[in-house]
Amino acid sequence: MTPRGCRTTLGILCSAILALAPSGCAPQDPAVQLDAYAQAAATSRVNAASGLIAAFKADQITVDDALTHAFNKLDKGEDATAYAGAVLDMIQAVEGQLSQGGEFEIFWTRVGRLAAKAAEVAFEKKRYEEAATLMLAGGRRWQNESYWIRYPSHDALVAYVLTVNGRKGEALQRLASRSELLGPAEEAYEQIKAAR
């Protein structure tokens, strides 16, 4: 058989195998799947989160893929706060299945940073109630004293969101509980305390 004949035979065999294989068996590109959830989130954050949870449990996507995808959308200036919220809701729902050890601190810090970025976008667009659902989303693992000391701007944002949503006392109490108030968090405390 000539080399050309081999290629033709191989091509026929491949076509036959592909024709017999169910179309649903081919793994879907995670980016394509995540884009679909991002579009769904614009209509329903809850439905998008449910889809993300199912996809995660079926090993179709990873939490890291979803985190990176949501960050990229926000970094491009897209109004993707609902999608970021769906990703954070998914992480919170599966938090017990994710590694909690100190060696995963960078991952959990990224979860907190996504919550901060999404809440900041919503706050800037004066969607204060939405900002309140985003600012502490993604579960409890990332929320610790060292995170708040390292990112006082996020702590300040939480205080401002609480204040505009009529929870000034809670905002002040939260900031006063810190072992140390730095930069934006200290400024927020003084501004909120002085405001009537």
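**Helices, rings and charges in a predicted chain**

Reader: What is the relative accessible area of Trp108?
Author: Trp108 counts as buried. The cut-off for buried is under 20% relative accessible area; exposed is over 50%, partly exposed lies in between, and a 1.4 Å probe is used on protein chains only. For Trp108, the relative accessible area is 0%.

Reader: What pLDDT do local features need here?
Author: Residues are numbered from 1 along each chain as its sequence is written, and side-chain values use heavy atoms, with hydrogens and water left out. The model is predicted: totals for chains, interfaces and linings use all residues, side-chain atom pairs count only at pLDDT 80 or more, and local features need pLDDT of at least 70.

Reader: How many aromatic pairs are there?
Author: Rings of Phe, Tyr and Trp (its six-membered ring) pair if their centres lie within 6.5 Å. Planes under 30 degrees apart count as stacked, over 60 as edge-to-face, and the rest as tilted. By this rule the number of aromatic pairs is six.

Reader: How do the rings of Phe107 and Trp108 pair: stacked, tilted or edge-to-face?
Author: Phe107 is buried, at 17% relative accessibility. The centres of the Phe107 and Trp108 rings are 4.9 Å apart. Their planes stand at 75°, so the pair is edge-to-face.

Reader: What is the angle between the ring planes of Trp142 and Tyr147?
Author: Both Trp142 and Tyr147 are buried. Their pair is edge-to-face, at 4.9 Å centre to centre. Between the planes the angle is 70°.

Reader: Which residue lies over the face of Tyr151?
Author: Tyr151 belongs to a cluster that ring pairs build from Trp142, Tyr147, Trp148 and Tyr151. A charge sits over a ring if NZ of Lys or CZ of Arg is within 6 Å of the ring centre and within 35 degrees of the ring normal. At 4.1 Å from the ring centre of Tyr151 lies Arg113.

Reader: Over which ring does the charged end of Arg174 sit?
Author: Arg174 is one of the buried residues of helix 10. Its charged end is 4.4 Å from the ring centre of Trp148.

Reader: Within what arc do the buried residues of helix 10 fall?
Author: Helices are DSSP runs of H or I with at least four residues, strands are runs of E with at least two, and both are numbered from the N terminus. In helix 10 (residues 168-176), the buried residues are Ala171, Leu172, Arg174 and Leu175. They line one face of the helix, because the directions from the helix axis to their C-beta atoms fall within an arc of 160°.

Reader: Which helices do the buried residues of helix 10 pack against?
Author: Gly169 and Gln173 are exposed on the other side of helix 10. Contact means heavy atoms within 4.5 Å. The buried residues pack against helix 8 (145-150), helix 9 (152-164) and helix 11 (183-194).

Reader: Which residue's side chain makes a polar contact with the side chain of Glu130?
Author: Glu130 is in helix 7 (residues 128-134). Leaving aside residues up to four places away in sequence, Glu130 touches Thr81, Ala82 and Ala122. A polar contact pairs N or O atoms within 3.5 Å; within protein, one must be able to donate a hydrogen and the other to accept it, and residues adjacent in sequence count only if both atoms are side-chain atoms. At 2.6 Å, the partner is Arg127.

Reader: How many helices does the chain have?
Author: The chain has zero strands. Its helices number 11.
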